[in-house]
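Subject: Handing over the structure

Dear colleague,

I am passing the structure on to you with this message, and below it I have set out what was found when it was examined. Please read the notes with the coordinates open beside them.

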Amino acid sequence: MDIDFCAELEQDVRFKEGLKACMNCGICTAICPAAELYNYDPRSIITSVQLRNNLQIKELLQSETIWYCGQCMSCKTRCPRGNTPGFIIQTLRKLSQKYGYFTHSEKGRQQYAIKKTVGENVLKKGYCVHPDLVSYDMHQEQGPIWQWVQQHKQAIYERLGANLDKEGAGALRKIHKKNLDELQAIFDVTNGTELYTIIEEESKKQAERMNLGFSDNIDNEYFKHVYTYNSNTHSE
Amino acid sequence: MDTAIHTEKETWGTYQKHVADDNYYYARSCIRQNFFPASEYMFLHILRKVLGKHVYDDPNHTTCTGIGYHSDIVPFETIQTVVARHFALMTEAGLENIAISCVTSFGIYTEILETWQHFPEQLEKTREFLYKATKREFNLPKNIAHTSDIIYKFRHEIAEKAVYKLVHAQTGEPLNVVEHIGCHYAKMFPTKGIGGAEFPQVLSGMITAWGGKVIDYPERRHCCGFGFRNYLVQANRGYSVSNTYKKLESMQPYNPDFILTNCPGCAMFIDKWQYTIAEMEQKTFDSQGKGIPVLTYEELAALVLGIQPWDVGLQIHQIQSESLLDALGIPYDTALKYVDKQGNQLPLPNKPNNLLH
């Protein structure tokens with residue numbers, strides 16, 4: 001049976017907030033940083049969604065285009081009708097992952113890399129970002145000062161008033177297990193854990209289709225591929 | 001005539017924002033704890049020791065998951081419930097005002113409170129989720145402020161205690177300052193930011209109160225280029241650096257002495273991408289080949305108040321700040337730049353190939 005994507009989109013409050021009545025003026029595309037760099041046109045995405053064209057929406061869910069937006073939300077400020085294309089993108093990405101379509105596109109497949117880094121850090125450390133995550137090898141654009149911070153982090157964070165990996169309050173304190181357990185429980189009851197599982201399982205299937213190695217940690221061929229590969233076809 | 005004046009006042013009233021005077025629950029920022037830990041330390045120091053305010057720094061506070069939410073690996077229901085847990089911690093601490101260190105988090109808290117106002121059933125569902133997961137309950141905050149709102153609110157009190165002004169020590173001329181406001185501060189919900197999205201005052205108000213001159217430039221409101229998944233995944237980082245490049249190129253003709261930001265990611269990216277661009281293209285956007293220093297508002301407030309630059313954390317910026325300190329007439333001891341808390345010398349960081357120190 002065909003899935004009614006329109007009906008699913010309409011259940012999301014961000015869809016209700018994000019799409020009132022688009023008049024196709026294109027100011028969202030004019031202001032959009034992603035539209036300047038990628039083959040990306042939020043105006044045309046909103047048109048497809050506004051038409052409630054189920055087939056076009058399915059194509060969007062499998063496409064590269066819904067993954068270009070950087071969610072700066074500049075479109076929300078400028079839309080004369082009070083629409084928020086950025087919210088619509090969020091709802092489309094949600095469905096793309098729910099139905100495993102995200103693995104159909106190069107940019108969509110990157111969700112696995114984000115889940116394995118930021119996603120797992122949230123539940124293991126209690127932070128989206130942590131010095132252990134932002135390794136110099138994966139972030140050489142951070143420069144030699146960040147490399148120096150990484151090499152002497154205990155001394156430098158202590159010097160600057162932080163409390164790295166220690167009990168109590170302060171920057172980068174160790175998040176107590178009871179708090180991590182609460183975060184995990186929240187993920188369990190709100191389908192956050194289910195989304196992580198979908199990303200992991202669908203990525204594993206895709207790795208098999210691409211004949212790339214896959215494992216529980218990030219030291220695998222598929223992670224390296226989705227994290228680094230750029231076909232350079234996104235601005236054509 | 002009276003009606004017209006009244007209407008104008010009402011219009012400008014929408015650009016104002018009430019910020020609580022005291023008693024804040026502090027919500028830390030993931031990015032700032034990593035890259036600008038001294039800024040958060042200075043916020044607490046200035047609020048508590050200089051201004052005599054009460055701020056609660058809660059060890060039980062966690063990430064809001066905002067970077068995960070805006071890269072679409074964290075569902076809306078999940079982040080609503082994580083934020084509800086923060087409200088529960090605030091409620092349990094006997095506080096009603098929340099002071100949020102991160103602009104991404106500030107946007108998320110604001111989005112969630114707006115959602116709960118427009119869709120009350122979402123609030124009830126979130127209360128159920130939170131109770132089921134943690135047995136916690138919560139009150140909504142009475143006042144929600146970004147920490148730059150709070151420093152802005154007390155900018156004149158800080159000016160009264162200032163040791164240094166934002167003027168050239170040699171000439172007495174005001175420094176040229178460009179400001180960059182994080183997109184999620186007011187672009188999503190303009191009435192929640194001081195001055196809204198069109199006339200944001202939160203940083204320019206600090207600059208002028210402390211003696212500097214705010215410089216306008218064409219791409220002043222362009223995104224820094226974080227773009228969440230567009231930085232988190234290495235293959236996408238061309239997006240991020242290209243947007244920062246566009247901003248820097250736009251401000252270059254105006255010769256800014258420094259850049260002031262209120263967003264964790266913006267401060268980090270505009271600093272670090274200058275290094276990357278220098279290494280990739282041998283290009284800097286200042287006249288000396290050193291890059292344009294990027295400061296947080298707490299770093300600037302602390303410098304103005306006479307706190308030593310290395311206590312403020314300027315040594316962990318990639319763009320070095322000595323030229324700016326010299327311009328301001330702020331003394332510094334180079335021997336103390338790379339030491340630990342006990343004063344022991346640490347090995348020196350490597351120098352970039354193209355960016356001059």
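Please keep in mind throughout that the model is a predicted one.

S3(B) has partners that can be named residue by residue. Strand S1 of chain B, residues 24–27, is joined to S3(B) by 4 bridges and the two run parallel, with Ile100(B) as the bridge partner of Ala27(B). Strand S4 of chain B, residues 143–146, is likewise joined to S3(B) in the parallel sense through 4 bridges, and here Ile100(B) stands opposite His146(B).

Among the helices of chain B, helix H3 (residues 37–50) has 14 residues and reaches 19 Å from its first C-alpha to its last, which is close to the 20 Å expected at 1.5 Å a residue. Because 10 of its 14 residues are buried, H3(B) is largely enclosed by the rest of the structure; the buried residues include Tyr41(B), Met42(B), Phe43(B) and Leu44(B). Gly52(B), which follows H3(B), has a positive phi, near 70°.

Chain A, by contrast in its secondary structure, has 15 helices and 0 strands. Its C-alpha atoms fill a box of roughly 55 × 40 × 40 Å along the principal axes, and of its 236 residues 47% count as buried. Among contacts in chain A between residues at least 6 apart in sequence, 61% join residues at least 24 apart.

Chain A is divided into domain 1 (5–99) and domain 2 (108–228), and the C-alpha centres of these two domains lie 28 Å apart. The contact between them takes 4 residues from domain 1 of chain A and 5 residues from domain 2 of chain A, and on the side of domain 1 that touches domain 2 the residues divide into 1 nonpolar, 2 polar and 1 charged.

In helix H6 (residues 54–61) of chain A, Ile57(A), Leu60(A) and Leu61(A) are buried, and they cover an arc of only 100° around the axis, which puts them on the same side of H6(A). The buried residues of H6(A) pack against helix H1 (5–10), helix H5 (42–50) and helix H8 (85–98) of chain A.

Finally, as to how the chains meet, 74 residues of chain B are in contact with 72 residues of chain A. Helix H5 (residues 76–92) of chain B gives the largest share of the side of chain B that touches chain A, namely 6 residues, and the residues of that side divide into 31 nonpolar, 28 polar and 15 charged.

With best regards

Methods
Residues are numbered from 1 along each chain as its sequence is written. Chains are lettered from A and ligands numbered from 1 in the order in which they are written. This is a predicted model: local features need pLDDT of at least 70, side-chain atom pairs count only at pLDDT 80 or more; totals for chains, interfaces and linings use all residues. A residue is buried if 20 or more other C-beta atoms lie within 10 Å of its own, exposed if 12 or fewer, and partly exposed in between; C-beta atoms are placed from the backbone. Two residues are in contact if their C-beta atoms, placed from the backbone, lie within 7 Å. Domain bounds come from an automatic or database domain assignment. Ala, Val, Leu, Ile, Met, Phe, Trp, Tyr, Cys and Pro count as nonpolar, Asp, Glu, Lys and Arg as charged, and the others, Gly among them, as polar. The expected span of a helix is 1.5 Å times one less than its number of residues. The arc is that of the directions from the helix axis to the C-beta atoms. Two strands pair if DSSP finds at least two bridges between them.
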